[in-house]
Structures are given as C-alpha cells and as structure tokens.
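Please bear in mind throughout that the model is predicted.

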Amino acid sequence: MAERRRGQDRLIVLLHWLAIVCWACVMVLLTLYHYARPEIAYGFLRYGGIAVREHWDPALTPWLEYSLWGCVAFTLLVLTLQYRRSRREQDGYQLSLMVLLLILIISLLLFYFG
C-alpha cells in the first residue's frame, strides 16, 4: 500500500513540541522543589549557630503540589492525543512522555507518603 502522507502533519509536530513543554515544566518544578524543601543542616552550620529551615516552605509547597498534578494532567492529555492521532505503525509512542509520567507519579507518591 502506498504512503499517502508526505511526512508528519501539523498535529504530530505540535504534539512533539508539547512533549518538550512537558519536560520544561518539570525542570521548573525541580527549581521550585529546591526552594520549597527543608534546608540541610550541615555540621559547620550547626557549629556556627546558623538557623536552618527544617520544614517545607508553606508558601511554595502548595505551588509544588498543584504544579505536579498539572504536569500529570498535561502529560496524560498529550499522550491521549498522540494515541488517538497515530494511525501508522511508524507513528510509535513517545517513550519520553511515559518516562516523564512515571517520574511525576513517583514524585507525587513521595510527596504524599515520603
């Protein structure tokens, strides 16, 4: 059977760009995580009597939680659109998005239970 399409259509290209946006959101979340988490009380800080925050920042923690859930929803949306759109065997699935979804789910589990 002859191939009728001459490459990827605009929606597939858009889905690839949305996958990049998903990963960029996770990079922003890593920065947010860095500032929201408790600080590490190194020995020289304790020795010097420097105060260290030993709890999660209450102003940033809700942002982190909602952003994680938003990234999960966005990643699921892109995966669903890609699944419904791909019709050829060569269209394949975005393995990187599945890995991203797994990372986000593990992050949420650690957030709630860790």
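1. Which residues in α1 meet which residues in α3? On the α1 side, the contact is made by Leu 11, Ile 12, Leu 15, Leu 18, Val 21, Cys 22, Cys 25, Leu 29, Leu 32, Tyr 33 and Ala 36. These meet Thr 61, Trp 63, Leu 64, Ser 67, Leu 68, Cys 71, Phe 74, Thr 75, Val 78, Leu 81, Gln 82 and Arg 85 in α3. Sorted by class, the residues of this contact comprise 18 nonpolar, 4 polar and 1 charged.

2. As for the geometry of this pair, α1 and α3 pack at an angle of about 165 degrees, and their axes lie 10 Å apart. Because angles over 145 degrees count as roughly antiparallel, α1 is described as roughly antiparallel to α3. The crossing in which α1 passes α3 is left-handed.

3. The largest pocket holds about 380 Å³ of space. It is lined by 15 residues, of which Tyr 33, Leu 64, Leu 68, Ser 107 and Leu 110 are the closest to its centre. Readers may wish to note that Tyr 33 in α1, and Leu 64 and Leu 68 in α3, also belong to the helix contact listed under the opening point.

4. Which helices each supply at least two residues of the lining of the largest pocket? They are α1 (10-36), α3 (61-85) and α4 (95-113), and the largest share, 6 residues, comes from α1. By class, the lining has 13 nonpolar and 2 polar residues, with no charged residues.

How values were computed. Residues numbered from 1 in each chain as written. Predicted model: local features only at pLDDT ≥ 70, side-chain atom pairs only at ≥ 80, totals over all residues. Heavy atoms only, no water. 1 Å grid on protein atoms, 1.4 Å probe; cavity = no way out; pocket = protein on both sides within 12 Å on 5 of 7 lines; lining within 4 Å. Points joined across faces, edges and corners; volume = space filled by probe spheres on them. Helix = DSSP H or I, 4+ residues; strand = E, 2+ residues; numbered from the N terminus. Nonpolar A, V, L, I, M, F, W, Y, C, P; charged D, E, K, R; others polar. Axes fitted to C-alpha atoms, helices over the stretch in contact; angles between N-to-C directions. Parallel < 35°, antiparallel > 145°, perpendicular 65-115°, else oblique. Left-handed = near helix turned anticlockwise from the far one by under 90°. Contact = heavy atoms within 4.5 Å.
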